[in-house]
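Me: I'd like a close look at one part of this protein, please. Could you walk me through it in plain words?

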Amino acid sequence: GSSYLYAKETMGELASVIAAACLTLEYTGSASAVARSWGDKVLEYIRSRNSESFLISILDPGLGINPCAFVVSLGSVLLLLEGVKESKSVTNFFSSLNVSLVMFMAVMSMILAKKENLTPLIPPEFGAAGILRGATSSFFGYIGFDEICCVSGEAKNPSKNVPRAIILTLIIVTSLYISASLGLAGMVPYEEISETSGFPNGFRYVGYGWAADITALGELAVLPLVVLVTIMAQPRLCYAMSVDGLLPQIFTEMDSSGNLREGTRIAGIVMVTIATLVPFSYLDDLISSGILLAFTMTDVSVILVRQASPTDVGCYPLKNKVVAFNILSFVTGLLLRSFYSHDATARWIQILTIFSCVGTLFIGYKIQNHCNWSRNQESIGLFLTPFVPVLPLIGCFVNLYLIAQLELSGLLAIIGYVGLFVGFYFYHVQRRANNRSETERMLSMH
């Protein structure tokens with residue numbers, strides 16, 4: 001359950017439902033978005049070969065329908081229904097192919113990079129604020145490492161191997177991501193980078209058609225893997241929620257091999273529908289903000305597990321301080337966004353920004369220096385996150401700052417989405433209370 005489990009154990013049932021809502025965006029939403037992106041890349045590749053091909057009218061019928069996304073998402077679900085063991089061999093092969101492809105793109109683009117394309121490193125019309133806004137929208141393309149937590153039940157010696165796997169994955173993914181991004185920006189002027197097919201069109205732009213073909217075909221080959229491994233975690237999340245009584249028991253049903261077939265089938269239907277009917281541009285901001293919120297809840301969970309409320313009379317509990325820190329972090333993000341905008345000349349914005357920054361730092365200082373260790377955890381023999389609470393507090397601030405970079409429509413979308421799940425939770429609680437009352441009434445009659 002990843003963040004769902006952490007939130008449930010440290011913040012309660014309502015927080016765990018919010019975490020589950022965000023993780024659903026990460027798993028089902030991201031899988032749908034990648035499947036949709038794959039369908040767009042298929043069309044882009046066919047158009048680059050023959051813009052008059054009859055296939056274009058079949059694969060792009062209009063009305064936002066993407067048949068290619070339907071095919072790749074349905075294929076991923078069918079493969080998962082065969083079981084994790086069968087999926088594992090396919091995953092291992094395509095993972096190796098995926099890493100090789102990204103390394104090829106990074107190395108080739110850096111070889112072809114030109115200094116003038118990276119000067120200035122930050123385009124003046126966007127500035128640092130533009131980079132952070134772009135990071136918010138594209139953040140979900142970076143995730144996946146936390147899914148290791150969702151399949152840790154199938155790992156050997158998880159207490160040691162899961163932390164190692166997450167750390168190694170982060171190192172590898174970060175290195176490849178930065179290298180490829182820097183190479184692409186150096187190879188092609190940023191105004192010419194394609195939003196749909198960056199590297200293939202980039203290589204074609206500099207006259208390396210063979211590299212463009214390798215990259216385009218490679219992307220078409222490996223992106224289905226991303227769909228497969230991303231949706232894999234959703235049935236396990238639903239299983240955890242079903243065990244806790246938050247979802248129907250159908251999500252706990254397994255076949256003779258231990259596969260969550262019903263959960264996989266239901267999650268697959270939702271993913272296939274979204275991938276087929278919803279354009280990619282409607283998904284990126286919502287998914288990224290949901291993932292950032294889930295990671296914030298994970299950071300908070302680490303603080304609550306490792307720190308304890310101060311015992312001094314008159315001191316606020318740790319949870320209150322953490323809530324205040326997160327609220328101020330988000331407000332600071334909004335104010336800094338206005339502060340760095342080109343039209344931010346109002347003095348009151350500057351004053352509010354300074355006060356908000358000082359307040360955030362002050363509460364972080366209070367959490368660091370006035371909340372003791374919850375217990376001696378050096379002797380329990382498990383991996384311990386270093387630099388707590390400073391590191392998770394920085395994580396909370398950065399995550400909420402990135403969410404604050406969204407436009408009003410994006411903020412309203414994530415608030416409305418989370419609000420639906422909160423409404424579902426309170427409906428579920430009320431229904432559970434009514435059922436309990438009815439049971440007690442029936443028992444009293446007998």
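What I'd like to know: is N157 buried, partly exposed or exposed?

Reply: Keep in mind that this is a predicted model. N157 is partly exposed, because its relative accessible area is 42%, and the cut-offs are under 20% for buried and over 50% for exposed. You'll find N157 in the loop between α7 (147-150) and α8 (158-187). Now look at the backbone there: the phi of N157 is near 50 degrees, which is positive even though the residue isn't glycine. To put that in context, most residues other than glycine have a negative phi, and most peptide bonds are trans.

With that in mind, let's hop over to another loop. F387 sits between α15 and α16, and its phi is near 55 degrees, again a positive value in a residue other than glycine. F387 counts as exposed, because its relative accessibility is 67% and the cut-off for exposed is over 50%.

V388 and P389 are joined by a cis peptide bond, with omega about 10 degrees. P389 lies in the loop between α15 (347-370) and α16 (390-404). There's a cis bond to look at elsewhere, too: the one from T119 to P120 has omega near -5 degrees. P120 belongs to the loop between α5 (84-111) and α6 (127-138).

So, back to your spot: N157 is a partly exposed loop residue with a positive phi.

Notes. Residues are numbered from 1 along each chain as its sequence is written. This is a predicted model: local features need pLDDT of at least 70, side-chain atom pairs count only at pLDDT 80 or more; totals for chains, interfaces and linings use all residues. Side-chain values use heavy atoms; hydrogens and water are left out. Helices (H or I, at least four residues) and strands (E, at least two) are DSSP runs, numbered from the N terminus. Buried means under 20% relative accessible area, exposed over 50%, partly exposed in between (1.4 Å probe, protein chains only).
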